[in-house]
Amino acid sequence: PRGNAVHLAEVTKKSVHIPVIASGKLGYADLAEQVLQEGKADFIGLGRYLLADPGWPNKVKEGRIEDINPCVGCHDGCIGRVRKFHHIGCAVNPATGVERELTIKPAEKKKSIIVIGGGPAGMEAATVCKLRGHNVILWEKSDRLGGNLIPASAPDFKDDYKLFLNYLKTQIRKTGVPIEFEKEATPERVKEVNPDVVFVATGASPVVPEIEGIKSGMEKGSVFSAVDVLLGKGRVGDTVAVIGGGSIGCETALHLAKQGKRLSVIEILDTVAHDMVWGNALDLVKLLDDNKVDILTRSIPVRITETGVDLVDPKGRGSTLKVDTVVVAVGMKSNSGALVDRLWNKGPEVIPIGDCVKPRKIIDAIGEGYRRAYVI
């Protein structure tokens, strides 16, 4: 939670006669100011928030709150990289740790650029290209920006991702990049514009595994993808099985459990949340336990019926989990495919970025969008 250690600073301040610094998820200007005004601390200490945006103090002082690049608490760029013996970094700020090498500079030659896709990778690439002086336009197939960052930020415990989405939308708006909504890219439309460079940032879609009964369940409205559930599509019953125990499956399960539904997570591996930094994984598993979510590891779903999911364990022993609704979260698949192939060798330089290259995380989408735009 925000300000999770303020109470400790408050107690300490009552016991000592020297200045007290409060820390612990205080990178929110209104909350930080409230702590000081209420006399709970004398100073605010920031760590990860300054990795995400070293300009945080000055932006707060100048009242430019909307320009603060927010830490999302993923730990992939900071703790995650350091634990792998890499230099420190940040998922939302690709220049962290390599500021001299990656400070945005004007391009030597201005180019005409189309960015296809308004998810995080596309918005980042478009913003950086525009800041470097290129002529940029962004095409988005839907009626809004965000891509899979929209469902990713849906749970109430992922508010920081909403802040980041708003930050990306604010920055691209401020740079003046023209955005054309409900515009699907085709080679013919690209050819009409005749750009020098095309960034393909078309994202990824949920994988539908080959499980007996899954397609009929989707047709009947008893089986949904995790993305659809997070977007509020479809009616989810009171008892739910989530197939897939990675970060998407676990977060979706917690999201539904907090709504009062009874949840079970089915995972073929020995552990869940295995694609997250260890600290975040521990927290998520604890939250699942606190919300009475059953974790069924080493379980293989073989059939989805009208009454539930048939499972087998590694020894071939079968069981049935009775539920109203099944949510599928077994991964994502790239959307680039045919478009990239059709654009290749047709004139403009084609640069795939983000999940359309390979479904991954925010650190990869933002990093690729920034770095590839940096060298154009």
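The following questions and answers concern a predicted model.

Residues are numbered from 1 along each chain as its sequence is written, and side-chain values use heavy atoms, with hydrogens and water left out. In this predicted model local features need pLDDT of at least 70 and side-chain atom pairs count only at pLDDT 80 or more, while totals for chains, interfaces and linings use all residues.

Visitor: In what order do the five strands of the open sheet run?
Guide: Helices (H or I, at least four residues) and strands (E, at least two) are DSSP runs, numbered from the N terminus. Two strands pair if DSSP finds at least two bridges between them. The pairing in this open sheet is parallel, and the order is S8-S15-S9-S10-S11.

Visitor: Which strands are the edge strands of that sheet?
Guide: An edge strand here pairs on one side only. That applies to strand S8 (223-225) and strand S11 (294-296).

Visitor: What is the bridge partner of Ala241 in S10?
Guide: S9 and S10 pair in the parallel sense over five bridges. In S10, Ala241 has as its partner Ser264.

Visitor: What angle does the direction of H13 make with that of S10?
Guide: H13 packs on the sheet and touches S9, S10 and S15, where contact means heavy atoms within 4.5 Å. Axes are lines fitted to C-alpha atoms, for helices over the stretch in contact, and angles run from 0 to 180 degrees between N-to-C directions. For H13 and S10 the angle is about 170°.

Visitor: How many of the 11 residues of H13 are buried?
Guide: Buried means under 20% relative accessible area, exposed over 50%, and partly exposed in between (1.4 Å probe, protein chains only). The cover over the buried residues of H13 (residues 247-257) includes helix H12 (226-230) and helix H14 (278-290). Cys250 and His255 are among the buried residues.

Visitor: Where is Lys292, and what is its phi?
Guide: Most residues other than glycine have a negative phi. Lys292 is exposed at 69% relative accessible area and lies in the loop between H14 and S11. Although Lys292 is not a glycine, its phi is positive, about 60°.
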